[in-house]
Amino acid sequence: MMQLSGKAVSGGIVLGPIFVPDRKKEQIHCVRITDTEAEIDRVRAAVKQVKVQLQALADRALEEAGESGAAIFEAYELMLEDADYLEAIYDDIRMEKVSGARAAAATGERFAELFAGMEDEYMRARAADVRDISERLADLLDGGRETDFFPEEPSVIVADDLSPSEMVSLDRSKILAFATIQGSVGSHTAILARMMNIPALVEVPVNLEEIHTGMIAVVDGFEGTVTFEPDEDFRLQTEKRMKKEQEQLQRLESLKGRKTATKSGKKIDVYANIGSEDDVAYALENDAEGIGLFRSEFLYLGRRDFPTEEEQFQVYKRVVQRMAGRKVIIRTLDIGGDKQADYFNIGIEENPAMGYRAVRICLKQPEIFRIQLRALFRASVFGNLSVMYPMIISEEEVRQILRIAEEVQAELEAEGYPCQCPEQGIMIETPAAVMVSDELAELVDFFSIGTNDLTQYTLAIDRQNERLADYYDPHHKAILRMIRMVVENAHKHGIRVGICGELGADTELTEEFVRMGVDELSVAPSMILKVRKTVREIS
Ligand code: PEP
Ligand code: MG
């Protein structure tokens, strides 16, 4: 048994097998495919290209090593015509919705294992060939920078780090918990873990050479420990703790369907933060009174190209329909910082947190923005949808956004779409926005305070930098004063104000927020009932 301590970023206790991604081997982009037939066409085109490469290699081998050298590559070419092999790749894409690169790599591995198990020595030697061919194909189909890993059973993922795009591409049902060497509390990977209710630790000083897939581990997301190969006693203790945790959750269940109001009757809306359509289920399960932040940028991650208007429209429409009249605040894409998608071509920036991101991209590349707005405005007739713009720093920016929104609205009407211009609000997450919140409040329908970035930009502490974690203090007086100022300015102009950053779920501050006059707290679904309980206890 070996116990290590890290930093807990998402609560809960689990026991299960671990999965250690092999980054060296699995250099394949993380994407989930929606148009499988188009992906199969890509594979067909790549096969042709690999054949051309192989022909060139065969020609060179002929010159350098004679006929027998060339024969190797000719045999490879024949393998690429093998119907069983190709059909196996296509089946993987169709059934598993994985990329062609991933399907080629997995099929290659399966065929290689098949060959390796054969009696005939010649056939056994073909295992390396099929691996080689498949790697070529996978490389060609993929830029090959991020990891694409697929635990086969529900597992505790133990890795050096996990990016938000890896998180969104993983099958949720296969992640019991995660423990990483790097990472920080404020990163979007940690936020995703909280939204998905996955116990998670960062800064775990694990030596990846000492552990392997299949070992058993207990992750304690409250205490911040991971215990590998627990002994019998520890397992029993863990089971007891899990039971206790379950009982505590059950006690909160009684709050479902109850109002979130203080003893004196002041009502607070407790909404859920979500990152995908799937998270709506957690929000409803936890009796969310609405969605206060749908981080729509996650729709853009873990894929090769922009989501189309229709694709987005369908997602937004289903989300508002499932929330059945409850408010759904969808934030326009907040790409940038730690949320990167290659096809945006942002490039390497010295300081991505202060870089080309969010509405800055939308205003410089309005064609991307317009597509999202069209999808949002079309979806708004199906429920109670509001749109929210992130990373605002000035009134001019808001005016520009509202002008584009008006044009999009007129365009949709001219095209005959049933649509309506929803409520539009902004995130207050930069010190600049706080300082001009008085003026900004005249322009929009609501504010939502993003305390994660507000803390980062006010304290000049990178929320991603684990070395500065002790300084990243959202309870800092400066932040609390800013929140108060924003609430006062919002109310002066008669608009509502919520908190959707992680601080909204901090029950140590709930009473203070209520006293400041915050109208809404939007939190990870698993925190809704706890916040409701805290509000109800305020006299
Ligand atoms: C925030 O900054 O507080 C916020 C809610 O947005 P994100 O965490 O996605 O940057
Ligand atoms: Mg933010």
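A residue counts as near a molecule when one of its heavy atoms lies within 4 Å of it. The legends below describe a predicted model.

**Figure 1. The shell of residues around ligand 1 in the predicted model.** The shell holds 16 residues, of which H188, R295, R331, N452 and R463 come nearest to ligand 1. By residue class, seven members of the shell are charged, five are polar and four are nonpolar. Three elements, α6 (188-196), β10 (290-295) and α15 (451-459), each contribute at least two residues. The most is given by α15, which supplies three residues.

**Figure 2. Polar pairs between ligand 1 and the protein.** A polar atom in the side chain of R295 is placed 2.7 Å from an oxygen atom of ligand 1. For R331, a side-chain N or O atom lies 2.7 Å from an oxygen atom of the ligand. G450 takes part through its backbone: an N or O atom there is 3.3 Å from an oxygen atom of ligand 1. Ligand 1 taken alone exposes 290 Å², and the protein buries 100% of that area.

**Figure 3. The magnesium ion (ligand 2) and its protein donors.** E429 (OE) and D453 (OD) coordinate the ion at 2.0 to 2.1 Å. E429 belongs to the loop between β13 (423-428) and α13 (431-435), whereas D453 is part of helix α15, so the pair ties together parts that are 24 residues apart in sequence. Residues under 20% relative accessible area are classed as buried. E429 is buried, because its relative accessible area is 2%. D453 is likewise buried, with a relative accessible area of 3%. Helix α15, which carries D453, also supplies residues to the shell around ligand 1.

**Figure 4. The contact between E277 and R318.** E277 is located in the loop that joins β9 (269-274) and α8 (279-285). The side chains of E277 and R318 make a polar contact of 2.5 Å. With a relative accessible area of 19%, E277 is buried, the cut-off being under 20%.

**Figure 5. Domain assignment of the chain.** Domain 1 is assigned two segments, 2-24 and 147-232. Domain 2 covers 36-141, and domain 3 covers 269-536. The C-alpha centres of domain 2 and domain 3 are 46 Å apart.

Definitions and conventions: Residues numbered from 1 in each chain as written. Chains lettered and ligands numbered in written order. Predicted model: local features only at pLDDT ≥ 70, side-chain atom pairs only at ≥ 80, totals over all residues. Heavy atoms only, no water. Polar contact = N/O pair within 3.5 Å; in protein donor to acceptor, adjacent residues only side chain to side chain. Areas by Shrake-Rupley, 256 points an atom, 1.4 Å probe, with all protein chains shown as cover. Helix = DSSP H or I, 4+ residues; strand = E, 2+ residues; numbered from the N terminus. Nonpolar A, V, L, I, M, F, W, Y, C, P; charged D, E, K, R; others polar. Donors = N, O, S within 2.8 Å, 3.2 Å for Na, K, Ca; no water. Buried < 20%, exposed > 50% of the residue type's maximum accessible area, 1.4 Å probe, protein only. Domains from an automatic or database assignment.
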